[in-house]
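Good morning, and thank you for the time.

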Amino acid sequence: MLSFSPAVSINPEEISEYLAFGKRVAVEAGKATLQYFRTTAAVMQLDNKKIDGFDPVTLADREAELIIRKRIKQTYPSHGIYGEEFGLEPGCGLTWVIDPIDGTRAFMSGMLHWGVLLALFDGENPVVGVLYQPYTDELFFGDGLHAGLVRGELEQTITTASVDELEQATTCTTGVEWLGLAEQAKYHQLAETARLNRIGGDCYLFALVAMGQIHVGLDGSLNPYDIQALIPIIRGAGGVITTWDGGNPSLGGHVVASANQSLHAQALEKLR
C-alpha cells in the first residue's frame with residue numbers, strides 16, 4: 001500500500017520530462033482500451049474484486065496497466081510503480097501511480113465518464129498528473145503550476161471558474177453510496193446550498209472542475225490511484241483540492257476540489 005514519505009527533490013526540467021512521458025504513455029494505454037469499448041468484449045473476462053459488493057475489473061483495465069508498467073520499467077527502472085490492478089513495486093522514492101481505467105463501471109456500460117489516470121508521486125504529493133479519455137481524444141494534464149487540455153491537434157490552457165459563492169455553484173459527485181450516513185448528511189448539506197448538483201462523472205468530473213465547468217467536485221472512499229493524477233491538474237488550473245477535513249488528498253479518502261480558495265472554504269464548512 002502506498003504511504004507518505006519524505007519528498008524526493010525534483011527540478012523543473014525533470015518535471016517537464018516526467019509530464020511529457022506521462023502524456024505519451026497514457027495516450028498509448030488509452031488507445032489500447034478502445035478495442036474493448038462498446039463491444040461485448042468489454043464485459044468478457046470480467047471479474048468482481050469484492051466478495052460483498054461489485055468492484056469490476058475488465059481485460060481492458062489489465063492490459064492498459066501492463067502497457068504503462070512496461071514503459072515505466074523501460075524508461076525509469078529505478079522508479080516505483082503503484083497500480084490498481086497489480087499493486088505496489090517499491091523504488092527510489094518516486095512512484096508512478098496508475099488507474100488504468102478510472103470509471104470501469106462507466107466503461108463497461110458504454111458511457112463516457114472514464115479515463116486513464118497516471119501520476120508521479122514524490123512521497124508527499126503528486127508532481128505531475130495526466131487524464132486521458134481516448135474515445136473523445138481528450139488529454140488533460142498538469143504539474144501543479146499549469147494545466148492544459150490537448151484535443152486532436154489543439155492544445156489549450158485550462159483554468160477554474162471565478163464563481164466564489166456556494167449559492168451560485170454547480171457541484172458534482174460520482175455518487176453517495178460510498179459514504180456513510182454521517183458523510184451523506186454532510187454532502188446533502190453542501191448540495192442544498194448550491195445552485196445545481198449533478199451525479200456521475202468519476203475522474204472526468206474533476207477535469208470539469210479544472211476546465212471551469214463545475215465549481216465543486218467531490219467523492220468519497222477514494223484510493224490514491226483514483227485521485228493522484230487529478231491533483232496537479234486541479235492545482236495547475238488554479239483550483240484547490242483537499243480531503244473533506246482540509247488535509248492532503250494524495251492518499252485518497254473523502255476528497256473535495258473547488259474552483260478557488262474562497263469557494264473551497266465554504267465547501268469545507270459544509271462538509272466538516
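First, the basis. This is a predicted model, in which local features need pLDDT of at least 70, side-chain atom pairs count only at pLDDT 80 or more, and totals for chains, interfaces and linings use all residues. Residues are numbered from 1 along each chain as its sequence is written, and side-chain values use heavy atoms, with hydrogens and water left out.

Helices (H or I, at least four residues) and strands (E, at least two) are DSSP runs, numbered from the N terminus. Two strands pair if DSSP finds at least two bridges between them.

Let us begin with strand β9, residues 147-151. Of its 5 residues, 4 are buried, that is, under 20% relative accessible area with a 1.4 Å probe, protein chains only. Strand β8, residues 138-142, pairs with β9 in the antiparallel sense over 5 bridges. Strand β10, residues 154-157, is also antiparallel to β9, over 4 bridges.

Now the turns. The hairpin of β8 and β9 has 4 residues between the strands, and G144 there takes a positive phi near 90 degrees. The hairpin of β9 and β10 has 2 residues between them, with G152 in the turn at a positive phi of about 65 degrees.

Finally, helix α5, residues 203-211, has 8 of its 9 residues buried. Among them are Y204, F206 and V209. Just after α5, G212 takes a positive phi of about 90 degrees.

Definitions and conventions. Buried < 20%, exposed > 50% of the residue type's maximum accessible area, 1.4 Å probe, protein only.
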